[in-house]
Amino acid sequence: MASRVIVVTSGKGGVGKTTTTANVAAALAEMGNKVVAIDGDVGLRNLDVVMGMENRIVYTLIDAIEGACRLNQAVIRDKRVENLYMLPTAQSRTKDAVTPQQMIDVCNELRKDYDYILVDCPAGIEAGFKNAAAGADEALVVATPEVSSVRDADRIIGLLEAMEKSPIRLIVNRIRRDMVKRGDMLGVSDVLDVLAIDLIGMIPDDEAIITSANSGILLTASSGSPASRAFKNIAARVAGEDVPFMNLDSNESAGIFHRIKTMFGF
Amino acid sequence: MIKLKGMADSVLRCIISEELPASGFGEALRAVMEKGKQILPGARVVLDFGARALPEPLIASILSGFVWPSGICVVAWITYDAASQEILKRGGLSISEPLPESPVVGRNTASLVLHRSLRSGQRVEHRGDVIIVGHVNSGAEVLASGNITIIGRLKGLAHAGYEGDENSSVVVRSMEAPQVRIGGKIGSLEREANWWARNVIVSVRDERVLIEYWPPLKNEAGEEIARERPIYR
């Protein structure tokens, strides 16, 4: 199988890019793929914390780019999930420490050894985003059902299309079914209607995510929570499996958007 | 991936597909040069890149690899990427469709019809009327010196008559934009307004921006309701 480089991005900050990167990477690894997650957020790194590896960093992506170490010396192996690796970035540097060409070179180097390379992208549309996206073939866009998040995702999708990334697929994160039902929150169909790209997953608002991110114990490894199932399903769909989106409520009307809206089997 | 089409006033339109990867540009343009070597030298050409972003190195390579060797005269560089439009403008390159040589009676402009949606950050600027068969998402911009018709949702900014023509109008299938501009006037609309998410026509009358249902809504007695109301200013 040719290895795939996937950037996880959103435009807006705080919508769950890092959590998604970590958990989808772990789920892909649990399926038997060799996976490396790259922290593309130079200067504001967090992937190491979410993946529980912050005390194991010796070298970083920047050290490897600057020649202070070999690339494989900077990559950390996860002790709990077999086949899962993480490439941390530097906390003491800024986005200017990397160029898009260097990121392309790093991704191409990693393609030799890994099935999946997931790049956790920083918020924004400036150099950090351009670097993180440079080496990727395809993209996962994370959006929450909020107007500001959807607008930023729309901007990012336009940029990703211009950069010829394909496919570009959507993850709707932090869905609160009760609020959607009350009409206080955009539904998945509303988000899809605006963004007009393929949906690859929906993640419910789940307290387990916060506990997991703080403890550095990945959801996919630790629990059968709804969010954990959602991440595993996303990973399976990334790998090309046809996983149904929904526990269809047969009493509901059968419109496709309505069905998507009402499925919370994720 | 690259098509040449004839337009009015013997202008050629060179449409470069958005699906063509940037790495394939050089080869595809050379093929166009080869095929069109009889017609290209001296031809007036509009280069249409759709929503593709044009970073400086790509523009430079198109100039040196296609424009100059083929002998064409580029009359406009069309892209909906707002950042690229700025780059082209800074280089003194025209980003508007060419004006017709024989003016249409009443308005010296041509229409632009787009079968696509515009995403946040994308912009269309056109001297003439613009018809969009698609949505204009929040954060996208449409500027026309004439009228604007959007057969879809308007969530972004529409500015009709941006060169000052306040006889222009904006017609929208689903009005979901908090602001519409016509000439030098700005109309703003509350989300709670009756017109929100309805099909409307926005125009200027008596120095005020007006919005009305289109087609007019009627009540049970068959009378038109709320045919026109000022939005604001």
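**A walk through chains A and B**

Strand 9 of chain B, residues 148-154, is mostly covered: five of its seven residues are buried. Buried means that 20 or more other C-beta atoms lie within 10 Å of the residue's own; exposed means 12 or fewer, and partly exposed lies in between, with C-beta atoms placed from the backbone. Helices (H or I, at least four residues) and strands (E, at least two) are DSSP runs, numbered from the N terminus.

This is a predicted model, in which local features need pLDDT of at least 70, side-chain atom pairs count only at pLDDT 80 or more, and totals for chains, interfaces and linings use all residues. Residues are numbered from 1 along each chain as its sequence is written, while chains are lettered from A and ligands numbered from 1 in the order in which they are written.

Stay with strand 9 of chain B. Which strands pair with it? Strand 7 of chain B (residues 130-132) pairs with strand 9 in the parallel sense, over three bridges. Pairing requires at least two DSSP bridges between two strands. In this pair, V130(B) stands opposite I148(B). Strand 11 of chain B (residues 170-175) also pairs with strand 9 in the parallel sense, over five bridges. Here I150(B) has V172(B) as its bridge partner.

Now move along chain B to strand 14 (residues 200-205). Strand 14 pairs with strand 15 of chain B in the antiparallel sense, over six bridges. S203(B) stands opposite L210(B) of strand 15. The two strands form a hairpin, with two residues between them. D206(B), in the turn, has a positive phi of about 50°. E207(B) lies in the loop between strands 14 and 15 of chain B. E207(B) is not a glycine, yet its phi is positive, about 70°. Is E207(B) buried or exposed? E207(B) is exposed, because its count is 9 other C-beta atoms within 10 Å.

Strand 15 of chain B covers residues 208-213, and its side chains alternate. V209(B), I211(B) and Y213(B) point to one face and are buried. P215(B) is in the loop between strand 15 and strand 16 (217-218) of chain B.

Step back to the whole of chain B. The chain is divided into domain 1 (2-90) and domain 2 (112-230), with bounds from an automatic or database domain assignment. The C-alpha centres of the two domains of chain B lie 32 Å apart. Five residues of domain 1 of chain B are in contact with six residues of domain 2. Contact means that the C-beta atoms of two residues, placed from the backbone, lie within 7 Å. On the domain 1 side, the touching residues divide into three nonpolar, one polar and one charged. Ala, Val, Leu, Ile, Met, Phe, Trp, Tyr, Cys and Pro count as nonpolar, Asp, Glu, Lys and Arg as charged, and the others, Gly among them, as polar.

Where chains A and B meet, the contact takes 14 residues from chain B and 10 residues from chain A. The chain B side divides into four nonpolar, seven polar and three charged residues.

Turn to chain A. Its secondary structure comes to 13 helices and eight strands. The C-alpha atoms fill a box of roughly 60 × 35 × 35 Å along the principal axes. Chain A has a radius of gyration of 18 Å, which agrees with the value near 18 Å for a compact globule of 266 residues. That radius is taken over C-alpha atoms, and the globule rule is 2.2 Å times the number of residues to the power 0.38. Buried residues make up 52% of the 266 residues in chain A. Among the chain A contacts with a separation of 6 or more, 74% join residues 24 or more positions apart.

Two loops of chain A deserve a look. N83(A) is in the loop between strand 3 (76-77) and strand 4 (84-87). N83(A) has a positive phi of about 75° although it is not a glycine. N83(A) is buried, because 20 other C-beta atoms lie within 10 Å. P167(A) lies in the loop between helix 7 (147-162) and strand 7 (168-175) of chain A. A cis peptide bond joins S166(A) and P167(A), with omega about 0°.

Confidence comes last. pLDDT is the predictor's confidence in each residue, from 0 to 100. Chain A averages 89, and 91% of the residues score at least 70. Over residues 247-259 of chain A, pLDDT stays under 50, and the model has 13 contacts beyond four places in sequence for this stretch. Where pLDDT is low, the predicted coordinates should not be read in detail.
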